[in-house]
Amino acid sequence: QVQLVESGGGLVQAGGSLRLSCAPSGRTFSTLYMGWFRQAPGEEREFVARMSWSSGIPYYGDSGKGRFTISRDIAKNTVYLQMNSLKPEDTAVYYCYADVRGGGSRYWGQGTQVTVSS
């Protein structure tokens with residue numbers, strides 16, 4: 001069984017920064033992508049960013065462009081989301097995910113709350 005363990009969420013003032021981390025535990029798998037979605041109260045889950053694990057090429061959704069940076073540490077099998085200049089509208093539960101190479105499976109983390117106060 002695979003679990004994605006997230007950390008780094010919390011409460012921050014507008015203009016501040018947070019760095020989220022996510023790493024799998026349990027059964028190993030070959031990673032195609034790892035990335036992040038977020039979901040604000042009453043809203044649909046939206047794509048933030050993903051990292052191509054083999055190439056290291058990032059891709060951002062509209063919510064992640066400009067202020068967020070996704071990165072990876074292959075040795076630690078960890079993906080990060082650096083969030084700068086945070087705004088109250090960034091308040092959401094942030095979910096890490098991992099797509100398995102060749103298998104079509106997607107794993108999700110439990111979510112980590114990010115709250116940005118004005």
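Q: How many disulfides does a search of the whole structure find?
A: A disulfide is a covalent bond between the sulfur atoms of two cysteines. Here the term covers a pair of cysteine sulfur atoms within 2.5 Å. The search of the whole structure finds one, and this disulfide joins Cys 22 to Cys 96, S to S 2.0 Å. The model is a predicted one, in which local features need pLDDT of at least 70, side-chain atom pairs count only at pLDDT 80 or more, and totals for chains, interfaces and linings use all residues. Residues are numbered from 1 along each chain as its sequence is written, and side-chain values use heavy atoms, with hydrogens and water left out.

Q: Which strands hold Cys 22 and Cys 96?
A: Strands (E, at least two residues) are DSSP runs, numbered from the N terminus. Cys 22 belongs to strand β3 (residues 18–26) and Cys 96 to strand β9 (residues 92–100), 74 residues apart.

Q: Why is the disulfide of Cys 22 and Cys 96 called left-handed?
A: The torsion about its S-S bond is about -80°, so the disulfide is left-handed.

Q: Is Cys 22 buried or exposed?
A: Buried means under 20% relative accessible area, exposed over 50%, and partly exposed in between (1.4 Å probe, protein chains only). Cys 22 is buried at 1%, and Cys 96 is buried at 0%.

Q: Where does the charged end of Arg 45 sit?
A: A charge sits over a ring if NZ of Lys or CZ of Arg is within 6 Å of the ring centre and within 35 degrees of the ring normal. The charged end of Arg 45 sits over the ring of Trp 108, 4.7 Å from its centre.

How values were computed
Helices (H or I, at least four residues) and strands (E, at least two) are DSSP runs, numbered from the N terminus.
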